[in-house]
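Let's take a friendly walk through this structure, with side chains and open space as our guides. Please have the viewer ready.

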Amino acid sequence: MVTKDSQYAIETFSLTKIFPDWWGRAKVIAVDNLNLRIEHNEIYGLLGPNGSGKTTTLKMLLNLLYPTKGRALVLGGLSSETEISAKIGYLPEDSYLYKYLSARETLDFYGRIFGLPGRVRKDR
């Protein structure tokens, strides 16, 4: 684990993501050797056209996609660590709602995933 006293909120080292084709050959280089440092309390925007790797970069930072090469630190550690991921909020572009659940059931479902006690889920 990296020290939590890290100077940067986000830091990437040669972060790369290559999506393979059906046969496993390199097909699309979505992110290519990204070296990035974002300091704590800094406002930073990822701008670019569709297909330029913005969402892929975010998903690698959140450990939702694994990099082909390189690594990323968030809040001084890996986002796969519970201590780090508990401090991160992410609202994806596409929602992951189940059509067969009501709004109340959906909130209860996600509350259970995050370990909220029944009384807390009901109150909220």
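Is tyrosine 110 buried, partly exposed or exposed? Keep in mind that this is a predicted model. Tyrosine 110 has a relative accessibility of 28%, so it counts as partly exposed, since that class runs between the 20% and 50% cut-offs.

Now look at the aromatic rings. A pair of aromatic rings is described by the distance of the centres and the angle of the planes. The count here comes to three aromatic pairs. In one of them, the ring centres of tyrosine 98 and tyrosine 100 are 5.6 Å apart and their planes meet at 40 degrees, so this pair is tilted. Tyrosine 98 is partly exposed, at 37% relative accessible area, while tyrosine 100 reaches 65% and is exposed.

Phenylalanine 109 and tyrosine 110 make an edge-to-face pair, with 5.1 Å from centre to centre and 75 degrees between the planes. Phenylalanine 109 is partly exposed, with a relative accessible area of 30%. Taken together, Tyr98, Tyr100, Phe109 and Tyr110 are linked into a cluster by ring pairs.

Finally, turn to the open space. The largest pocket has a volume of about 700 Å³. It is lined by 18 residues, and those closest to its centre are Leu64, Ile88, Tyr90, Pro92 and Phe114. Sorted by class, the lining of this pocket holds 12 nonpolar, four polar and two charged residues.

Note on methods
Residues numbered from 1 in each chain as written. Predicted model: local features only at pLDDT ≥ 70, side-chain atom pairs only at ≥ 80, totals over all residues. Heavy atoms only, no water. 1 Å grid on protein atoms, 1.4 Å probe; cavity = no way out; pocket = protein on both sides within 12 Å on 5 of 7 lines; lining within 4 Å. Points joined across faces, edges and corners; volume = space filled by probe spheres on them. Nonpolar A, V, L, I, M, F, W, Y, C, P; charged D, E, K, R; others polar. Phe/Tyr/Trp six-rings, centres within 6.5 Å; stacked < 30°, edge-to-face > 60°. Buried < 20%, exposed > 50% of the residue type's maximum accessible area, 1.4 Å probe, protein only.
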